[in-house]
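Here is a friendly walk through one protein chain, written for someone who likes to know the cut-offs behind each term. Please keep the viewer open as you read.

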Amino acid sequence: MATSSNAQLISTIQQVEITSQVIMKITRHCHHELEKQLDPHVNGVLLGLINENKHVLEVTHCFPLMNSDTDEGMEINREYMLEMERSLRQVNIDYQQVGFYQSTYLNTHCDRNFLDSVFDYLEEMNEAIALIYG
């Protein structure tokens, strides 16, 4: 449930800025998986911060996640995310989750799993974004 300060923050975000490094990492991750002919649907976490003075959500870093529908795979992803956030915090890189990215194959991104992911992120952080790479 959103507090009044979160609701006020959401209404003040006017744009999203994504660094070129993030775009390159997402592109490399998606193309690497396609070259290996693994899963055409890849996903990962977007990290950054909210600049309240400029009303901007800044995406400054990202990292890939393993594709898995099993409970074990999801637990491995959770542990990996926590370890990555700890590591990034130690080297002074923005570690706040601001959303996720997902690739699409033949425009198949808007399915039940995608909508569930968006819903889960928005329940935890009202200012989360979803980035689709196609």
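The paragraphs below go from the overall layout to the strands, and then to one helix and its charged pairs.

First, some ground rules: this is a predicted model, in which local features need pLDDT of at least 70 and side-chain atom pairs count only at pLDDT 80 or more, while totals for chains, interfaces and linings use all residues. Residues are numbered from 1 along each chain as its sequence is written, and side-chain values use heavy atoms, with hydrogens and water left out.

Let us begin with the layout. The chain has four helices and five strands; helices (H or I, at least four residues) and strands (E, at least two) are DSSP runs, numbered from the N terminus. Along the sequence these elements follow the pattern α-β-α-β-β-α-β-α-β. The chain has 134 residues, and 31% of them count as buried. Here buried means under 20% relative accessible area, exposed means over 50%, and partly exposed is in between, with a 1.4 Å probe and protein chains only. As for contacts (heavy atoms within 4.5 Å), residues 24 or more positions apart account for 66% of those in the chain with a separation of 6 or more.

Now turn to strand S3, residues 56-65. How many of its 10 residues are buried? The count is eight, so S3 is mostly covered. With strand S1 (residues 15-18), S3 pairs in the parallel sense over four bridges. With strand S2 (residues 43-51), S3 runs antiparallel, and nine bridges join the two.

S2 and S3 form a hairpin with four residues between them. In that turn, His55 has a positive phi of about 60 degrees. Asn51 belongs to strand S2. Is Asn51 buried or exposed? Asn51 counts as buried because its relative accessible area is 18%. A polar atom of the Asn51 side chain lies 3.1 Å from the backbone nitrogen of Asn53. Leaving aside neighbours within four places in sequence, Asn51 is in contact with Val56 and Glu58.

Next comes helix H3, which has 20 residues. From the first C-alpha to the last, H3 reaches 29 Å, close to the 28 Å expected at 1.5 Å a residue; the expected span is 1.5 Å times one less than the number of residues. The buried residues of H3 are Gly73, Asn77, Met81, Met84, Glu85 and Leu88. Seen down the axis of H3, these buried residues fall within an arc of 110 degrees, so they line one face of the helix; the arc is that of the directions from the helix axis to the C-beta atoms. What do the buried residues of H3 pack against? They pack against S2, S3 and strand S4 (96-103). The face of H3 turned away from the buried side carries the exposed residues Asp71, Glu72 and Gln90. Just after H3, Asn92 takes a positive phi of about 65 degrees.

Met74 is also found in H3. Its relative accessible area is 33%, so Met74 counts as partly exposed. Apart from neighbours within four places in sequence, Met74 is in contact with Ser68 and Asp69.

Finally, look at the charged pairs. Side chains of opposite charge can pair when their charged atoms come close. A salt bridge here is a side-chain nitrogen of Lys or Arg within 4 Å of a carboxyl oxygen of Asp or Glu, and by this rule the count comes to two. One joins Glu75 to Arg78, with the closest N and O atoms 2.6 Å apart. Both residues lie in H3, three residues apart, about one turn of the helix. Glu75 is partly exposed at 34% relative accessible area, and Arg78 is partly exposed at 44%. The other salt bridge joins Glu83 to Arg86, with the closest N and O atoms 2.9 Å apart. Glu83 and Arg86 also lie in H3, three residues apart, about one turn of the helix. Glu83 is partly exposed at 42%, and Arg86 is partly exposed at 40%.

Key:
Two strands pair if DSSP finds at least two bridges between them. A polar contact is a pair of N or O atoms within 3.5 Å; within protein, one must be able to donate a hydrogen and the other to accept it, and residues adjacent in sequence count only if both atoms are side-chain atoms.
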